[in-house]
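Me: I'm new to this one. Could you take a close look at a single part for me, the place where the two chains meet?

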2 protein chains.
Amino acid sequence: MLIFIGTGIWDEKDISLRGIEAARRADEVYAEFYTSKPSTNAEKLSDLLGKEVKILDRKDLEERSIELVRRAKEADVALLIPGDPMIATTHAAIRVQAKQLGVETRIVHSSSIISAVCGITGLHNYRFGRSATISYPHPTTSTFPAETVRANRKINAHTLLFLDLHPEPMRIPEAISLLEKMDETFMELFAVGIARAGAEDCELKCDRLKKLRRFDFGPPMHVLVLLAPKIHITEYEYLMEFAQAPPELENLIE
Amino acid sequence: MLIFIGTGIWDEKDISLRGIEAARRADEVYAEFYTSKPSTNAEKLSDLLGKEVKILDRKDLEERSIELVRRAKEADVALLIPGDPMIATTHAAIRVQAKQLGVETRIVHSSSIISAVCGITGLHNYRFGRSATISYPHPTTSTFPAETVRANRKINAHTLLFLDLHPEPMRIPEAISLLEKMDETFMELFAVGIARAGAEDCELKCDRLKKLRRFDFGPPMHVLVLLAPKIHITEYEYLMEFAQAPPELENLIE
């Protein structure tokens with residue numbers, strides 16, 4: 001059997017009791033830190049689970065995933081995944097491959113920035129539209145994030161923007177500069193920057209993008225939420241209390 | 001201090017290690033099963049945490065939340081919440097109230113259907129638009145869910161629909177009948193029904209709404225995902241392997 005176990009939003013303490021029990025029962029335990037950058041490592045995970053945890057890299061997950069699936073045909077194999085499993089399509093592809101080779105699979109869910117963003121910012125879940133990723137510039141850099149923001153704003157929805165992880169986790173100021181190149185009018189929009197979601201020293205700040213780029217969020221991981229054109233009064237109150245929002249945010253209340 | 005601890009998607013084993021430790025350290029532990037219906041109870045939670053867990057009802061959370069906040073001024077109070085905290089706006093209101101009265105707060109995140117739906121269905125997170133809730137009919141029943149589905153379809157996005165919980169958790173066939181009354185053309189759309197997300201006996205099925213209404217999903221909780229007009233080939237493959245999708249779903253591949 002191949003068990004995908006989410007290790008949750010921040011470090012090894014975000015694994016669920018179900019996940020810990022499943023990993024301890026497994027014959028072999030692997031972890032990957034490629035699809036996200038959790039604040040844990042093989043040693044901490046091994047200590048918690050009482051068994052060796054081997055780290056897999058991108059090639060193990062993509063080109064050589066068949067090896068993992070074959071191991072899971074013989075033994076109970078646990079794959080520890082940052083956040084909630086399957087948010088990265090890489091894992092979904094491995095699960096399909098396993099099913100097609102007759103290997104049973106299970107998923108143990110855990111916390112993810114996708115739902116945590118609501119608790120951190122106070123923004124209502126049902127007011128988020130599609131999310132997107134701001135990638136480092138490369139020859140075929142797309143303006144997809146800008147299009148997603150515009151499409152969401154048309155239906156008065158917030159946009160969660162993930163920042164590229166490779167070669168190193170992007171920070172909010174760089175993400176804002178890339179957004180400015182896509183559409184400089186975005187600099188007047190209100191957004192919430194979030195650093196280290198799920199950690200005790202989680203930092204967040206709400207302001208116009210042009211101002212957020214000068215705020216010191218500290219180390220990664222960073223994400224960015226672009227607000228809808230109108231916000232609910234309870235969203236406003238929460239951002240004022242917890243995200244140091246400027247008083248002019250009041251103008252967005254619908 | 002007031003600590004909001006998510007108990008996760010299904011039962012008490014979905015609490016994170018961080019959440020268990022925080023609840024065990026707390027002076028008083030409360031739980032609410034109003035904003036969702038987890039498959040746990042006060043006794044199981046008390047056994048796991050080694051201390052009494054008192055259940056709060058809707059009035060405790062809404063009209064009498066000040067009492068909880070006042071307790072948290074004197075002692076470390078943990079509030080156990082199904083799923084990931086703050087997805088229900090009720091909790092966000094309590095956190096704002098606590099902050100305004102000078103009470104420190106913390107959130108311990110956990111798994112939620114909001115991210116789990118991606119792992120369960122294989123649908124890509126960034127292809128989901130706004131979500132909505134299908135409520136039991138009442139004099140002011142809105143067609144809001146239908147409008148959300150239409151708006152999302154315009155931007156080729158999936159729609160996660162929560163089903164009303166009160167007075168009892170709604171099931172998929174009733175939700176489909178209510179959608180039919182809002183817009184009978186929806187009956188031709190493809191959707192995925194999910195029952196008991198996060199449980200070992202999680203059930204899912206993909207088909208046109210008119211056919212899904214005859215599928216036996218078993219007991220609650222149920223949710224429904226209406227597919228975007230076009231889906232990615234990897235979404236198609238996953239739904240074929242894990243959601244018993246009909247071959248004609250192939251026509252939606254973009």
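Reply: Here's a walk through the interface of chain A and chain B.

First, some ground rules: this is a predicted model, where local features need pLDDT of at least 70, side-chain atom pairs count only at pLDDT 80 or more, and totals for chains, interfaces and linings use all residues. Residues are numbered from 1 along each chain as its sequence is written, chains are lettered from A in the order in which they are written, and side-chain values use heavy atoms, with hydrogens and water left out.

Start with how the copies sit.

Now the meeting itself: 55 residues of chain A are in contact with 55 of chain B, contact being heavy atoms within 4.5 Å. Of the interface residues of chain A, 100% are also interface residues in chain B, so the copies meet through the same surface. Together the chains bury about 4700 Å², 58% of it on carbon and sulfur atoms; that's the accessible area (1.4 Å probe) lost on being put together, summed over both.

As for charges, there are 8 salt bridges between chain A and chain B, each a side-chain nitrogen of Lys or Arg within 4 Å of a carboxyl oxygen of Asp or Glu. Asp14(A) and Arg18(B) meet in a salt bridge, at 3.1 Å from N to O.

Definitions and conventions:
Buried area is the accessible area (1.4 Å probe) that two parts lose on being put together, summed over both.
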